[in-house]
Amino acid sequence: MSEAQPSNLGVPDPGNRGWRQAGITAKSVLIGLAGVTFIGIYSNTNDRVLKLCPLIGNHMPIGAFTIVLLLATLYNPLAGRISRRLALETRELAVVLGMMLMCSWLPGSGFYRYFHYPMIVPWTQESSHPEWQKHGTLGYLPDRLFPLRHDQGTSSDKHREGSDEQRIAQQEYERVYGSFVRGIP
C-alpha cells in the first residue's frame with residue numbers, strides 16, 4: 001500500500017487551472033464587483049429615499065438573489081448565443097452570489113439599521129442600571145466614539161428635522177462613522 005499524499009482540499013492550485021475550476025475567473029469577479037457596487041449604492045436609496053421594501057433585508061438579502069436570478073435567466077441565454085465563453089458557469093454564478101452576500105451586511109440590517117442603537121443606548125439605559133451609575137461605567141466609554149452625551153428626557157423638539165441641534169448631531173455622527181472607515185486612532 002502506498003501512503004496517502006497530503007491534499008490541500010479547498011485550496012485551488014493556481015498552476016493547474018485550480019482557480020478557474022473553483023469558478024474564480026475575471027468574468028465572475030468583475031460581475032461580482034458590479035453587483036457589490038450596485039447593492040452598496042442602491043440599497044440605501046431604495047430603503048431610505050424611495051421607501052420601498054428593503055433590498056437587503058434581515059437574513060434574506062433578496063437583492064443579491066434577484067441579481068443572480070436575472071443573470072441566470074436573462075444574461076446567460078443571451079450571452080450563450082453570442083459566445084459560449086461569455087455565459088456564466090454554475091461555479092461562476094456561485095462566486096458572484098458569494099461576493100454579493102458577503103457585502104450585504106453593510107447596507108442592510110447589520111450596519112445601517114442596527115449600528116446606530118449601541119451609539120445611543122448607554123445614555124438612555126443608564127438610569128435603569130444602578131450598577132452602571134455606581135461604578136461609573138459610562139466614564140470608561142471613549143468620548144471620540146460618542147460625540148454627543150444624550151441626556152435623559154431630552155425633548156423630541158431639540159433634535160427636530162432641520163434644527164441646528166439636529167444638524168450638529170448629524171455632523172458629529174458622520175465624523176464617528178468616518179473614523180470606522182479610517183480606523184479609530
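Asn 46 is located in helix H2 of this predicted model, where helices are DSSP runs of H or I with at least four residues, numbered from the N terminus. Asn 46 counts as buried because its relative accessibility is 5%, the limit for buried being under 20% relative accessible area with a 1.4 Å probe and protein chains only. Leaving aside residues up to four places away in sequence, Asn 46 touches Lys 51, Leu 52, Cys 53, Pro 54 and Leu 55, contact meaning heavy atoms within 4.5 Å. Residues are numbered from 1 along each chain as its sequence is written. In this predicted model, local features need pLDDT of at least 70 and side-chain atom pairs count only at pLDDT 80 or more, while totals for chains, interfaces and linings use all residues; side-chain values use heavy atoms, without hydrogens and water.

The largest nonpolar core has 12 residues, among them Ile 39, Ile 56, Ala 64, Leu 97 and Met 100. Such a core is a set of buried Ala, Val, Leu, Ile, Met, Phe, Trp, Tyr and Cys residues joined through side-chain atoms within 4.5 Å. Helix H3 (62-82) and H4 each contribute at least two residues to this core, and the largest share, five residues, comes from H4. Beyond residues up to four places away in sequence, Ala 64 touches Ile 39, Ile 56, Leu 97, Met 100, Leu 101 and Ser 104.

Definitions and conventions
Buried means under 20% relative accessible area, exposed over 50%, partly exposed in between (1.4 Å probe, protein chains only).
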